[in-house]
Amino acid sequence: MSEISMTIAKLPVFYKQRDLRFYPSWAYALPAWILKIPISYVEVSVWVFLTYYVVGFDPNAGRFLKQYLLLFFLNQMTSALFRLVAATGRNMVVANTFGSFTLLLILVLEGFVLSREDIKKWWKWAYWCSPLMYAQNAIAVNEFLGNSWRKFVLIPAAFGKNQAVISEESQSNEHDNRIGGTVQLSTNGKSGHDIRRTNSTYLTEADTRANHHQKRGMVLPFEPHSITFDDITYSVDMPQ
């Protein structure tokens, strides 16, 4: 946005020299872009060196350099965009009005404030035209492909078949938790057998052991999925 006021301040001199045929418009615009490059390097350097490791991004030097270059190109794009707005408006009031509207569009339609699915169909073209969307996705991909995130992601060895093995101990604990306690009853003439009652269902001890041995070493194949939840409301029962 600061490019608007600086560009409009130089427009009277530019129009005077252009009308007198001193030089064409491209000869004015090209040096302005070249002189902006060192300033972009300084601005991006200050921002990246103050935020990258403080935020906790991946400490890899290559990813640090990639984010630096991404923000550098983003700085160049926004500077050129608002110089265009200033040259088109030619007036501080008009340029600030269009500049604010342009800033609102590229911020809202970049895919972060509003996800791509939430953007109306007639605004999809603005989403794909927003340069900030490509920069946002590039920075996110550059970060989440880093080594520091691998410990949070399930990566199958050599992309083999994923499976989970439930141990005998976990099966026993899960069985006890589901029963919620057992009641042993002794019957007349059958003192050698225990009857376990589970929600009005009676299982003999022999049947329970048979089922337990059948479940031992059971392999459950599964496929990992990424799940995203939105607007979750939950409560946790705390012990007294």
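Predicted model: local features only at pLDDT ≥ 70, side-chain atom pairs only at ≥ 80, totals over all residues.

Reader: OK. How many residues does H2 have, and how far does it reach?
Author: H2 covers residues 25–55, which is 31 residues. From first C-alpha to last, H2 reaches 43 Å. That is close to the 45 Å expected at 1.5 Å a residue.

Reader: Where does H2 bend?
Author: At Val-48, by about 30 degrees. Val-48 is also one of the buried residues of H2. Others include Lys-36, Ser-40, Val-44 and Tyr-52.

Reader: What do those buried residues pack against?
Author: Helix H1 (2–19) and H3.

Reader: Switching to H6. What span should it have, and why?
Author: H6 has 14 residues, 131–144, so at 1.5 Å a residue it should span 20 Å. Its end C-alpha atoms are 20 Å apart, which agrees.

Reader: Which H6 residues are buried?
Author: Leu-132, Met-133, Ala-135, Ile-139, Asn-142 and Glu-143. The buried residues of H6 pack against H3 (61–89), H4 (92–108) and H5 (124–129).

Reader: Now the surface. Which residues form the nonpolar patch?
Author: Ile-227, Phe-229, Ile-232, Tyr-234, Val-236 and Met-238. Together they have about 800 Å² of accessible area.

Reader: Where does Met-238 lie, and is it buried or exposed?
Author: Met-238 lies in the segment after strand E5 (219–221). Its relative accessibility is 67%, so Met-238 counts as exposed. The cut-off for exposed is over 50%.

Notes. Residues numbered from 1 in each chain as written. Heavy atoms only, no water. Helix = DSSP H or I, 4+ residues; strand = E, 2+ residues; numbered from the N terminus. Expected span 1.5 Å × (residues − 1). Buried < 20%, exposed > 50% of the residue type's maximum accessible area, 1.4 Å probe, protein only. Contact = heavy atoms within 4.5 Å. Patch = residues over 30% accessible without salt bridge, like charges linked within 9 Å, V, L, I, M, F, W, Y side chains within 5 Å. Areas by Shrake-Rupley, 256 points an atom, 1.4 Å probe, with all protein chains shown as cover. Salt bridge = Lys/Arg side-chain N within 4 Å of Asp/Glu carboxyl O. Bend = angle between axes of the 7 residues up to and from the residue.
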